[in-house]
Structure formats: structure tokens, C-alpha cells
Amino acid sequence: MKILLTGANGYIGRRLLPVLVEQQHEVVCMVRDPRRFELQDTLKDKVQIIKGDLLQSETLTALPKDIDAAYYLVHSMGGHGNDFEKAEHTSAENFVAYLNSTTAKQIIYLSGLSNTTQLSKHLSSRRHVEDILDQAKAFLTVLRASIIIGSGSASFEIIRDLVEKLPVMITPRWLNSRCQPIAIRDVIFYLTAVLSNPACYEQRLEIGGPDVLTYKQMLEKLAKVRHLKRFIFTVPVLTPKLSSYWLYFVTSTSFSISRSLVESLRNDTIVQDNRIKQLIPHQNLNYEEALRLAYAKIEQNMVISSWKDALVSGTMRLNYMDFVQIPEHGLLTDKQLIKIEQDPAIVLENIWRIGGKQGWYKTDFLWEIRGLLDKLAGGVGLKRGRRHASEITAGESIDFWRVLVADREKQRLLLYAEMKVPGEAWLQFRIIDKPDGAYLEQLAAFRPDGLLGRLYWFAMLPFHFIIFRGMASNIAHHRPATLPHAKV
């Protein structure tokens with residue numbers, strides 16, 4: 001079949017794409033910016049990428065008309081601020097208008113599960129999207145899921161952060177709400193099983209794993225899997241807003257996502273309509289199996305996608321890839337040039353391991369303080385880490401930076417600041433060859449936004465003096481214990 005995949009850059013889309021290709025489908029991916037959509041080498045020749053923005057109907061004219069089905073995996077949980085409902089409404093209407101001009105027979109939409117008519121804003125918006133998509137000529141299939149558990153999923157990472165960082169938790173009473181967590185592997189199974197399945201046309205189906213648990217029980221079971229002793233106490237005094245701040249500061253999530261989750265998790269999300277079992281018989285993983293699988297993927301550095309790589313922080317411009325060239329004028333800079341005394345491949349490996357658990361090679365505690373200040377200012381903070389210990393692709397996140405360029409061949413890594421700063425900031429690493437040998441060039445560049453931006457840069461100069469010289473020197477001289485990519 002010829003399939004259109006929207007949301008291909010998202011957590012679900014990146015997991016679904018290789019499965020569709022493996023099943024021999026012809027897949028067309030619609031993305032807003034192809035430059036931040038890095039495909040695995042095994043997929044590059046098998047997937048067509050087309051630029052399009054569902055908020056701008058004129059950009060959809062390049063999309064094919066001869067498709068058989070379309071996946072609508074577009075959500076705005078963390079983006080568009082308070083206008084996310086309007087954005088989701090507009091996106092869905094533009095999508096239907098386009099789809100009605102095609103030969104598509106089916107739309108597949110992944111929505112949210114809820115057991116109450118008093119829906120949160122985000123769940124209410126998703127139901128509204130369902131109704132808009134139902135107006136298309138193509139048959140609609142909706143899958144409503146509760147908490148999705150998988151390496152890199154927002155729900156899993158939040159639960160993991162709470163359990164692994166807090167021996168004692170004073171938690172809000174919504175932890176007594178019940179849900180039916182489902183493994184990402186089973187979500188992908190259902191997304192492909194309903195494709196071109198007439199029994200699933202015009203159906204809104206609920207999916208979930210075999211376990212019905214409170215959120216408190218989910219925390220306790222994860223602690224058990226990790227062999228950790230944790231004490232959890234629920235109190236009635238934490239309001240939804242305080243609960244959102246609690247999640248925001250303790251975990252790696254953004255405030256917009258934590259607020260959305262708290263609003264959604266106050267009510268039970270349990271499968272009440274089990275028709276999916278008759279339509280598509282399948283044995284789902286239980287919660288502990290899903291956890292163990294997620295940790296296995298993390299330990300093997302096989303995390304395919306992460307919620308952190310989507311633009312959900314609300315602080316990044318959608319066109320951030322326009323900044324792949326550092327401006328020549330109007331910049332304040334700190335440039336370090338260190339001669340490399342060892343194999344340059346080792347230094348390149350050091351660059352490619354920066355951030356996350358490896359840290360920043362110099363005064364990590366200062367980076368952590370900067371991350372805390374960023375959190376206090378409403379930014380993403382330093383807790384996001386990185387998807388893989390030694391692999392980097394354009395578009396993904398590393399702590400509070402976004403990767404613009406990751407070119408091993410040209411030995412260049414360029415990062416763009418996603419933290420809250422009064423201006424625009426870049427951090428670039430290059431290995432350059434000179435007649436007398438190879439050098440590491442490290443460039444921190446800042447384009448200030450008016451007087452406040454300049455004051456910020458000069459206030460940070462004492463810290464820059466401590467950090468940047470030492471960081472460049474350590475990167476140039478550090479020799480990691482294992483070098484999976486280095487040619488030594």
C-alpha cells in the first residue's frame with residue numbers, strides 16, 4: 001500500500017515507520033522541516049519525505065493524491081501555548097480537506113483514553129479532532145490508549161525520573177487514579193493491524209495492557225524492577241498547578257507537558273470497550289514486561305525515538321534549523337583552539353559523547369546550576385540527557401541544547417541553545433587540520449537581544465573563563481575506556 005505518515009518526526013511516528021517499511025509498504029513522510037528528520041541508512045532509499053505544515057494548507061499541495069491510507073499522528077500537547085486547541089482544530093480540518101482530494105480509503109488516528117465526560121483540555125481537543133477526521137470521505141479508525149510505556153516515552157521517563165531520583169515521595173492524590181498502561185510494542189502492533197482491516201473501519205477502539213494499576217502502583221512496580229526501596233505518601237493538598245510544578249522540577253519533562261498530564265491523569269483511564277480483543281486477538285505485554293523491555297533498550301543503546309526530540313518545550317522556534325550557520329556579525333564569542341596530541345578519532349569520539357551521563361568535561365556542577373536556573377525560568381533544564389551515549393543525529397536534544405549539525409565526516413558538531421537566554425546561543429566543536437597537526441576548535445557564540453543580552457553575556461564571563469578553556473582541554477586530552485566508533 002501507499003501510505004502517508006504524518007507526525008513522522010514524533011515518538012510514535014519514528015517507531016511506526018520502520019515497521020511499515022518492513023511490511024513492504026510505500027511510505028510518504030510529511031514533515032515540517034526535512035532537515036531535522038534524519039533517517040536510518042536502511043530506510044533512506046525506501047521512504048519519500050515531503051515538506052508540509054498542516055497549519056498552512058497551501059503547503060499540502062505537494063502531497064501525493066494516490067495514497068491508500070494515512071496515519072494522523074499529530075498532537076500539540078507541548079506546543080502552541082494556550083492556542084493548542086485552535087492549532088489542532090486547524091490542522092485536522094486542513095488534513096481532511098487534503099485527504100478528500102486523494103484516493104485514500106482509511107485514516108488511522110491515535111487518541112487518548114478517558115473514563116469521564118469531564119475531559120481535560122487536551123483529551124477534549126483529541127476527541128474534537130476525532131470528530132473532524134470523521135468528516136473525511138475515508139473510513140476512520142481511532143485507537144484510544146492510556147499510558148504508553150516504552151524507552152523514550154514521556155510517561156515512562158517521568159515515572160523513571162520519580163522513582164530513580166526520590167527515595168521518599170510526597171505525592172498528589174491523583175496517584176490513586178487507575179490506568180491501563182500499554183507497551184509501545186503493542187501500540188505499534190495495533191497501528192499496523194488495523195491498517196486495511198475492514199472490521200476496523202469507522203471504529204473507535206480502546207487499547208490497553210492486561211494490568212489495571214494506580215499510578216502509585218506503577219511507581220512501586222518500577223522500584224521493584226530496579227531493586228529500589230521507595231516510600232510514597234499521597235496528600236490531598238497538592239493542587240493541579242502545584243502538582244504540575246512538582247513534576248516539572250523533579251523530572252525532565254517540560255511544564256506544558258506536566259500540566260497536560262496532571263489534567264489528564266486525575267481521572268481513571270481504563271479500557272471499558274474490549275471489542276479490540278475480538279477484532280484483533282493479541283496478547284499484550286504486562287506492565288513489568290514493558291518496563292523490563294524499555295530498560296533493556298536503554299542499556300543496549302537501542303532507543304529509537306524519544307519524546308525529548310520533539311519540539312514540545314515551547315521555547316524552540318519551529319525553524320531552528322535555519323541557524324545551522326553561525327552568523328558572522330553581531331556576535332559575542334569565546335573561541336578555544338587546542339592542539340591534539342593523540343589520535344584525532346579519539347577526540348571526535350569525546351565530542352560525540354558530550355552531555356548526558358558523560359557530562360561536559362569541566363565543572364559539571366556549574367552546568368547543573370545553570371540547568372536548575374533554566375528550570376526556574378521555565379526552560380527545559382539539564383535533565384533531558386541524550387538518547388544514545390555515542391550517536392547523535394540532527395534535530396535531537398542533548399540536555400538543554402538542540403543538535404543542528406552532527407557530521408562525523410567533516411568532524412563538526414553544532415548545538416543551538418534551547419535554554420532560556422536573552423538572545424541566541426551556539427556551541428560548536430570542530431577538528432581542523434593545520435600544517436603542524438590537528439586542532440580542536442571550540443566556539444561558543446552568542447547573539448544578544450539588546451542590552452539585557454549583553455549584560456547576560458558579561459555577567460557570565462567569569463564562568464566562561466572557568467568552563468570553556470578547561471572543557472576544550474579535557475575533550476582534547478581525555479581518553480574514554482571504550483571507543484566503539486573511533487578508528488584507533
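Colleague: What should I know before we start?

Modeller: This is a predicted model, where local features need pLDDT of at least 70 and side-chain atom pairs count only at pLDDT 80 or more, while totals for chains, interfaces and linings use all residues. Residues are numbered from 1 along each chain as its sequence is written, and side-chain values use heavy atoms, leaving out hydrogens and water.

Colleague: Okay, salt bridges. What makes Glu288 and Lys221 a salt bridge?

Modeller: The rule asks for a side-chain nitrogen of Lys or Arg within 4 Å of a carboxyl oxygen of Asp or Glu. Here the N to O distance is 3.5 Å, so the pair passes the rule. As background, side chains of opposite charge can pair when their charged atoms come close.

Colleague: Where do Glu288 and Lys221 sit in the chain?

Modeller: Glu288 is in helix α10 (residues 287-299) and Lys221 in helix α6 (residues 215-225), 67 residues apart, so the pair links distant parts of the chain. Helices here are DSSP runs of H or I with at least four residues, strands are runs of E with at least two, and both are numbered from the N terminus.

Colleague: Why is Glu288 called buried, and what is Lys221 called?

Modeller: Buried means under 20% relative accessible area, exposed means over 50%, and partly exposed is in between, with a 1.4 Å probe and protein chains only. Glu288 has 16%, so it is buried. Lys221 has 27%, so it is partly exposed.

Colleague: Which side chain does Arg292 meet in a salt bridge?

Modeller: Arg292 meets Glu288 at 3.6 Å, N to O. Both lie in helix α10, four residues apart, which is about one turn of the helix. Arg292 has a relative accessible area of 45%, so that one is partly exposed.

Colleague: How do you know that Arg447 and Glu424 form a salt bridge?

Modeller: Their N to O distance is 2.6 Å, so they pass the rule too. Arg447 is in strand β19 and Glu424 in strand β18, 23 residues apart. At 29% Arg447 counts as partly exposed, whereas Glu424, at 10%, counts as buried.

Colleague: How many salt bridges does a search of the whole structure find?

Modeller: The search finds 23. There is also a network of salt bridges linking Arg127, Glu130, Asp131, Asp134, Arg144 and Arg204.

Colleague: On to the sheets. What makes β5 and β6 a pair?

Modeller: Two strands pair if DSSP finds at least two bridges between them. β5 (residues 106-112) and β6 (residues 139-145) are joined by seven bridges, so they qualify, and they run parallel. Gln106 stands opposite Phe139 in β6.

Colleague: Which order do the seven strands of that open sheet follow?

Modeller: The order is β3-β2-β1-β4-β5-β6-β11, with parallel pairing.

Colleague: Why are β3 and β11 called edge strands?

Modeller: Because β3 (47-51) and β11 (203-207) each pair on one side only.

Colleague: What does the antiparallel sheet look like?

Modeller: Six strands form an open sheet in the order β14-β19-β18-β17-β16-β15, and the edge strands are β14 and β15 (397-398). Inside it, β16 and β17 pair over six bridges, with Asp407 opposite Arg412 in β17.

Colleague: What makes a set of residues a nonpolar core?

Modeller: The members are buried Ala, Val, Leu, Ile, Met, Phe, Trp, Tyr and Cys residues joined through side-chain atoms within 4.5 Å. The largest one has 39 residues, and Trp360, Trp401, Leu413, Leu427, Met471 and Ile475 touch the most other members. Helix α13 gives the largest share, seven residues.

Colleague: Why is Leu376 called exposed?

Modeller: Its relative accessible area is 57%, and the cut-off is over 50%, so Leu376 is exposed. Leu376 is found in helix α12 (residues 364-376).
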